[in-house]
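Here's a quick briefing to read alongside the sequence and the 3D view. Keep the viewer open and follow the topics one by one.

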Amino acid sequence: MAKQSTTSGIPLNPLAFIKKYDELWNRLLFLLGALIVYRLGSHIPVPGMNPIELANFFQRNSNTFLGMFNLFSGGALERMSIMALGIMPYISASIVVQMMSTIVPSLEALKKEGESGRRQLSKYTRQGALALAFVQAVGMSTGLLAGGLTVTTGLGFYIPAVTSLVAGAMFLMWLGEQITERGIGNGISILILASILAGAPGMIGTALSQGTNLIVMFLFAVLALAVIAGIVYIERAQRKVPVNYAQKQQQGRKIYAQQQSHLPLKLNMAGVIPAIFASSLLLLPASLGQWTSGNANPTTTQEILQNISLVLHPGEPLYLLLFGVMIIFFCYFYTALMFNPNEVAENLKRSGAYIPGIRPGQQTKRYLDFVLNRLTFIGAIYMTVICVLPMTINPAFSSGASLLIMVVVLMDFIAQIQAHLMTHQYHDQTLIKSSTH
């Protein structure tokens, strides 16, 4: 019988591949099914909307912050579907819980309790997401009524609209958790990626319909490829801090010689969270001003909100300045949440490890602080340039942050697939070795 051909241990026959990597295949199928459900749900409209007025409203505001928010929702906001809030309530709640876990002693203790503590923190995150979704749903419904975009008014619109929007946000939160558990990759990040990819054809079509020069589009495509290459290089960059263990380690009757290792510190340890959080915070005052712009006789408060919306328009100098400053701030802040030099120094000291030339304890902590601050500064500048530079070229380009998110999420997705493949290959090699003995 002919031997089945393989490449690097992976069967070339598709049926044999599915049979060998059935777990990976099932995870990919679950991910595909979840994304189909997500895209179908984004086309279910909120009850009581006027589709004609809604289309005219978004046509007038296509180049404002609403266009950016619509991009991250995959067009759900433009259609005012039940998933118009997206996963922003969950992201905001998770960041708030992480921030509070470093300040509140009881929450900090939960972080150290292992799996039970993580489940409790996840419960708090879900409750916070529910509260934020309700507040945002009420605000969005009020803005829709004020703008004359509905066919019903009063409680006849509020109750079904708020209920639908909150249910859609909670469903997306649940769907993201299911993707993380039963699919491939981080579920919330995958949903954001799907939203951005869903809006990409519309952006390209808009550029073609506006008569954009093909040479200009080609140059932008080349620039995008160069930016992608730079993002991949920076995201993979690490500073390897050398770590040595004690000269001799005794385990039972055996004595081992000195062991050498390293502590990997990523150049961009905060990931894409600073860009997402900065965008969501800047959208809040602009959203309030935009939703109140439909009133013929605005109050003083509404006029102030409208003026704030104008100065915080994407591409305006104040918007670009605040966006860059907030990205840098959240890079430092989120890195401090993710990496605690004092805790790492204590762990190294307890395990008998040390950094060459650095005394264990406080000197190690200060050294790690120094290295981490320098790395974070470079990572913050890199993220600011990626997110802000496209808007300085053209205010309609909000693709810097979305491009960064796409590349980082795809890198994580590919890494997890490779990890599953390596696990199967290691399992196969173990079975082969056991069968030969």
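How far is the sulfur of C331 from the closest cysteine sulfur? The answer is 8.6 Å, and the cysteine in question is C387. Keep in mind that you're looking at a predicted model. Let's start with those cysteines, then move on to a sheet and a helix.

**Cysteines**
- You won't find a disulfide here: the structure holds zero of them.
- To count as a disulfide, two cysteine sulfur atoms must lie within 2.5 Å, so the 8.6 Å from C331 to C387 is too far for a bond.
- C331 is buried, at 2% relative accessibility.
- C387 is buried as well, with a relative accessible area of 1%.

**A three-stranded sheet**
- Three strands line up in the order β6-β3-β7, making an open sheet with antiparallel pairing.
- The edges belong to β6 (260-266) and β7 (353-354); each has a single partner strand, so one side of each has no neighbour in the sheet.
- Strand β3 covers residues 238-245, and two bridges link it to β7 in the antiparallel sense.

**A spot on helix α3**
- Helix α3 spans residues 51-60, and A55 is part of it.
- A55 is partly exposed, with a relative accessible area of 45%.
- Along the chain, A55 and E78 are 23 residues apart, while their C-alpha atoms are separated by 7.3 Å.

Note on methods: Residues are numbered from 1 along each chain as its sequence is written. This is a predicted model: local features need pLDDT of at least 70, side-chain atom pairs count only at pLDDT 80 or more; totals for chains, interfaces and linings use all residues. Side-chain values use heavy atoms; hydrogens and water are left out. Two strands pair if DSSP finds at least two bridges between them. Helices (H or I, at least four residues) and strands (E, at least two) are DSSP runs, numbered from the N terminus. Buried means under 20% relative accessible area, exposed over 50%, partly exposed in between (1.4 Å probe, protein chains only).
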